[in-house]
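Reader: Hi! Please take me through this model, with the cut-offs spelled out as we go.

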Amino acid sequence: MLGGPPDGPASPAREIQEYHMETTSIVLEKILFIGVLVAVGFLCGKLRVIDHQTNLRLTDVLLLIVVPSTILSSYQITFTPELANNLLIALGLATMSHALQLVCAYVLIRKGRPNTEVERISTVYSNCGFMGIPLIHALYGAEGVLYLTAYLTCFNLLLFTHGVVMMSGQTDWKLMRKQLCSPALIATFVGVLIFLLRIRLPEVLVEAVGSLGSMNTPLAMLIAGASIAESDLKACFCNRRIYWILAIKMLIIPAVVMLAMFRLPVDPTVLYVIVIAASCPTAAIGTMFANRYGKNGGYAAQIFTLTTLVSLATIPLVTLAFGAML
């Protein structure tokens, strides 16, 4: 990606500057691409090409088949000690990122307000799977997705323990066990195993899994667009409280994560992966949790919709700001 000009080698500072500028440029390009796909999904939703039931079925296909395929495919990368070390670092940084997100949510959203649980789950948990995987894959390929799996592992472990307890008010062991055996987590654990043991799957299987994984970006964005089409956009924009939640999720949390990480002596690719994952919009599963546990599902859907729309502008800004900090 980086290299010196034709007349001689570039200085390290110039190479770093070129790296960050190229990253920002790619993010802008891919966000526009994602925006087009979301718009197509929105039109499909409005025209009833994708109705609510179809959207649910497509979501199942994405979560049960496509996302695990993307994750498993990312681990078919040649093992090196540097990659293994960076994966461990990514896991540590993902843990730190989620801890910071929890602190922000609990400090900035006071207990006792209406919809406290919905607002907190909407700010802590990002759409790092639906939005993060296609964006990171476009930026860094299989290596980037490899590091993102560390973030996804933290996300799932925390969501189906802390998230369940917070939303239900009790420990739902049955749901925890079921969700911690999700296809995405299973694919992650299997992927880590074959990566560390340096096992190469048969070429025909690699090609099939890779082909399924390549569906992730268009399918995820069509689902997101169709979900937005089901929402009451007028209600989203008219709710003044939602703008505070939007500021916490899309501006304050990314800023806190960036400030905590920009001076760390870590591979910039790992840092970018964690920051972009933390900058993704609200996770769609927050709405599902709200509905399951009798909370305000309509409000959760509004937060999901507005943060998804705004993320098309904020993610490039966050990436540009982080590049300037580095």
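Author: Happy to, and let me start with a term: rings of Phe, Tyr and Trp (its six-membered ring) pair if their centres lie within 6.5 Å, with planes under 30 degrees apart counted as stacked, over 60 as edge-to-face and the rest as tilted. This is a predicted model, in which local features need pLDDT of at least 70 and side-chain atom pairs count only at pLDDT 80 or more, while totals for chains, interfaces and linings use all residues. Residues are numbered from 1 along each chain as its sequence is written, and side-chain values use heavy atoms, with hydrogens and water left out.

Reader: Thanks! Which residues form one aromatic cluster?

Author: By the ring rule, the count of aromatic pairs comes to six. One aromatic cluster is made up of Tyr-75, Phe-79 and Phe-195.

Reader: Why is the pair of Phe-289 and Tyr-293 given the class it has, and which class is that?

Author: A pair of aromatic rings is described by the distance of the centres and the angle of the planes. Phe-289 is buried at a relative accessible area of 4% (buried means under 20%, exposed over 50%, partly exposed in between, with a 1.4 Å probe and protein chains only), and Tyr-293 is buried too, at 16%. The ring centres of Phe-289 and Tyr-293 are 5.9 Å apart and the planes stand at 75 degrees, so the pair is edge-to-face.

Reader: How far is Lys-30 from the ring centre of Phe-33?

Author: A charge sits over a ring if NZ of Lys or CZ of Arg is within 6 Å of the ring centre and within 35 degrees of the ring normal. Lys-30 lies over the face of Phe-33, and its distance from the ring centre is 5.7 Å.

Reader: On to pockets: which helix gives the most to the lining of the largest pocket?

Author: On a 1 Å grid over the protein atoms alone, a pocket is an open set of points with protein on both sides within 12 Å along at least five of seven lines, and lining residues have an atom within 4 Å of a point. The largest pocket has 45 lining residues, with Thr-59, Leu-63, Ala-284, Ile-285 and Met-288 nearest its centre. Helices here are DSSP runs (H or I, at least four residues), numbered from the N terminus, and those that each supply at least two lining residues include α5 (132-168), α13 (285-292) and α14. With nine residues, the helix that gives the most is α2.

Reader: How much space lies in the largest pocket?

Author: Its lining divides into 24 nonpolar, 15 polar and six charged residues; Ala, Val, Leu, Ile, Met, Phe, Trp, Tyr, Cys and Pro count as nonpolar, Asp, Glu, Lys and Arg as charged, and the others, Gly among them, as polar. A volume is the space filled by probe spheres set on the grid points, which are joined across faces, edges and corners. For the largest pocket, that space is about 1,400 Å³.

Reader: And how much space lies in the second largest pocket?

Author: The second largest pocket has 18 lining residues, among them Thr-70, His-137 and Gly-213, and they divide into eight nonpolar, nine polar and one charged. The largest share of this lining, seven residues, comes from α5. The space in the second largest pocket is about 230 Å³.

Reader: Is Arg-198 buried or exposed?

Author: Arg-198 sits in the loop between α7 and α8, and has a positive phi of about 60 degrees although it is not a glycine. At 57% relative accessibility, Arg-198 counts as exposed.

Reader: What is the phi of Asn-115, about?

Author: Asn-115 is placed in the loop between α3 (81-108) and α4 (116-124). Asn-115 is partly exposed, with a relative accessible area of 27%. Although not a glycine, Asn-115 has a positive phi of about 65 degrees.

Reader: What separates the C-alpha atoms of Asp-267 and Asn-86?

Author: Asp-267 is in the loop between α11 (241-261) and α12 (268-279). Beyond its neighbours within four places in sequence, Asp-267 is in contact (heavy atoms within 4.5 Å) with Glu-82, Asn-86 and Glu-143. Asp-267 and Asn-86 are 181 residues apart along the chain, and their C-alpha atoms are separated by 7.5 Å.

Reader: Last one: which residues is Ser-97 in contact with, leaving aside its neighbours within four places in sequence?

Author: Ser-97 belongs to helix α3, and counts as buried at 0% relative accessibility. With sequence neighbours within four places left aside, the contacts of Ser-97 are Tyr-151, Val-257, Met-261, Ile-274 and Ala-278.

Technical notes. On a 1 Å grid over the protein atoms alone, a cavity is a set of points where a 1.4 Å probe fits but cannot get out, and a pocket is an open set with protein on both sides within 12 Å along at least five of seven lines; lining residues have an atom within 4 Å of a point.
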